[in-house]
Each structure stands twice: as C-alpha cells, then as structure tokens.
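Subject: Structure handover

Hello,

Here is the structure I promised to pass on. Please open it before you read the notes below.

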Amino acid sequence: MTPKVIAIDGHSSTGKSSLSKKVALALGFIHVDTGAMYRAVAWYALDKNLLSSEGELLVDKLVESLDDINLKFELNPNSGNREIHLNGQNIEGEIRSMEVANLVSTVAKIPEIREHLVKLQRQMANEVGIVMDGRDIGSVVFPDAPVKIFLTASAKVRAQRRYDELRSNGVEITFDEVEENINSRDAIDTQRSASPLVKAEDAVEVNNDHMNQEETLQTVLKIIKEKG
Ligand code: C5P
C-alpha cells in the first residue's frame with residue numbers, strides 16, 4: 001500500500017508541530033516531528049560536550065557518533081503525544097531548551113546528519129499514514145507526498161508566540177533573545193546548501209499571521225479534503 005503522507009513544512013515557530021498533531025488526530029494518522037530529531041542530535045552534542053574550547057561544534061566527532069544515537073518516538077499515554085527518546089531516555093523536555101535551540105540549526109546544516117535522519121524519516125512511513133512536519137519534507141523527504149502545506153507567518157508574530165509560550169512555561173527570557181534566535185535560525189535554515197528551507201512548487205502556502213490555532217487547523221483540513 002502506498003504510504004499516505006501529509007508534509008507540513010515552514011519557518012520556526014509557526015505552530016507546525018501543534019498543528020500537525022491535531023491534523024494527525026483528526027485523520028487517525030501518526031505524527032512525526034522531524035525538528036525533534038534534529039534537536040535530539042543537538043542535545044546529544046551538548047550532553048557529550050562535543051564542543052571545542054571556543055564553543056564550536058566538533059562536527060567530525062558528532063558525525064562519527066551517529067551510529068550511537070538511537071532515536072525513537074514513543075507514545076506517552078499521559079499526554080497522548082509521541083515523544084522523542086534517545087538511547088531509551090525520554091528527552092522531549094530537554095530538547096526545547098534555548099541551548100538546544102541555539103545549536104540545532106548548526107547541526108541541521110551538516111549533510112551527513114541530514115542524510116542519516118532523512119533515511120530514518122522515510123522508514124517511518126507506514127500503512128496508516130503520517131503527518132510529518134519539518135523544513136524539507138515536501139521538497140526532499142517525500143517529494144511525492146499527495147498533500148504539502150507550507151506554513152508561514154511574519155518573524156515578529158512568530159517571536160511573540162514563542163516568547164509567550166516560553167514565559168508561560170516559566171522560562172526566564174527576553175523578547176529580544178527569542179526574536180534573535182528565530183531570525184538566526186531562519187537565516188541558517190534558508191541559506192544552508194544541504195536541503196535549504198524552500199516551499200515545494202506544489203505546496204499550498206498558509207500564512208497564519210491573522211489566524212488562531214483552530215482557524216489554521218480548519219484551513220489545513222479543508223486543503224487536505226480538497227486534495228484527497
Ligand atoms: O521544527 P523545529 O523548530 O523544532 O526545528 C528545529 C530546527 O531543526 C530548525 O530550525 C531547523 O534548523 C532544523 N530542521 C531541519 N529540517 C527539518 C526539521 C528541522 O533542518 N526537517
């Protein structure tokens with residue numbers, strides 16, 4: 001049976017993951033958050049201190065370690081979400097830190113790391129169907145996906161949403177720090193040579209600057225219905 005894949009790509013903090021979770025729930029599909037996979041590799045680099053004395057990422061060491069990084073999504077029955085585990089440890093909370101956010105785009109531009117994770121992502125396609133969110137799902141991972149969404153919003157709106165979310169989780173951070181992280185990740189993600197963030201030609205763009213989560217969900221479900 002051909003895998004049913006819904007690809008949801010877009011910029012940081014557009015609400016891709018929350019949206020993808022809800023779309024998957026509505027369709028009875030499985031959700032795969034590929035950003036969590038890149039974040040998990042970044043967290044591993046920090047945890048193993050794969051950084052030079054100047055704080056630069058030791059790229060060769062991280063690439064050599066890839067076979068020791070076992071990533072799995074496991075259902076958390078309490079939250080109902082599939083959460084990321086690295087070598088058996090649930091690190092879903094750890095990967096959301098600013099330390100990880102500041103390193104992840106550097107990790108994600110390494111071609112060997114992308115190849116490794118893309119292979120894992122393709123293996124996750126199953127008979128039930130998946131909603132996969134990321135930056136290169138419609139352009140590289142599943143170029144034949146029958147439905148591709150490209151989610152976008154202005155940098156200011158995205159920074160404000162992320163700032164509100166972090167503050168409500170008790171994280172001490174300023175708006176400027178959040179905005180700087182978003183702008184810097186946008187720049188690295190769109191300018192890298194290995195699979196830069198681009199809208200696939202056949203993706204439908206949804207700008208949710210003036211939509212709340214429910215309106216975004218309904219817009220995307222309507223597009224899926226029209227394509228299906
Ligand atoms: O989606 P999220 O913001 O958690 O992704 C974290 C980072 O991982 C992105 O800023 C990007 O650098 C990288 N990423 C990627 N390709 C994907 C998913 C995420 O390069 N498919």
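Predicted model: local features only at pLDDT ≥ 70, side-chain atom pairs only at ≥ 80, totals over all residues.

**The parallel sheet**

Start with the sheet of five strands. It is open, and its order is β2-β6-β1-β7-β8. The pairing is parallel. The edges are taken by β2 (30-33) and β8 (204-207). Each has a single partner strand, so one side of each is left without a neighbour in the sheet. On average, neighbouring strands here are turned by 20° against each other, direction ignored.

Look next at β1 (residues 5-10) and β7 (residues 147-152). Five bridges join this pair, in the parallel sense.

As background, strands of a sheet pair through backbone hydrogen bonds, either parallel or antiparallel. The model has both kinds of pairing: the sheet above is parallel, and the next one is antiparallel.

**The antiparallel sheet**

Three strands form this open sheet, in the order β3-β4-β5. Its edge strands are β3 (71-75) and β5 (89-90), and each pairs on one side only. Between β3 and β4 (residues 82-86) there are five bridges, and the two strands run antiparallel. E74 has E83 of β4 as its bridge partner. K72 has H85, also in β4.

β3 and β4 form a hairpin with six residues between the strands. There, G80 takes a positive phi near 75°.

Helix α2 (residues 34-47) lies across β3, β4 and β5. α2 runs at about 30° to β4.

**The ligand**

Which residues come nearest to the ligand? They are R39, R114, D136, D189 and R192, out of 16 residues around it. By class, the shell has three nonpolar, five polar and eight charged residues.

Which helix gives the largest share of the shell? That is α2, with four residues. Helices α2, α4 (98-108) and α8 (175-191) each supply at least two shell residues.

An N or O atom in the side chain of S105 is 2.9 Å from an oxygen atom of the ligand. For R114, a side-chain N or O atom is 2.8 Å from a ligand oxygen atom. For D136, a polar side-chain atom lies 2.8 Å from a nitrogen atom of the ligand. On its own, the ligand has 460 Å² of accessible area, and the protein covers 97% of that.

Best wishes

How values were computed. Residues numbered from 1 in each chain as written. Heavy atoms only, no water. Pairing = 2+ DSSP bridges. Contact = heavy atoms within 4.5 Å. Axes fitted to C-alpha atoms, helices over the stretch in contact; angles between N-to-C directions. Near = heavy atom within 4 Å. Polar contact = N/O pair within 3.5 Å; in protein donor to acceptor, adjacent residues only side chain to side chain. Areas by Shrake-Rupley, 256 points an atom, 1.4 Å probe, with all protein chains shown as cover. Nonpolar A, V, L, I, M, F, W, Y, C, P; charged D, E, K, R; others polar.
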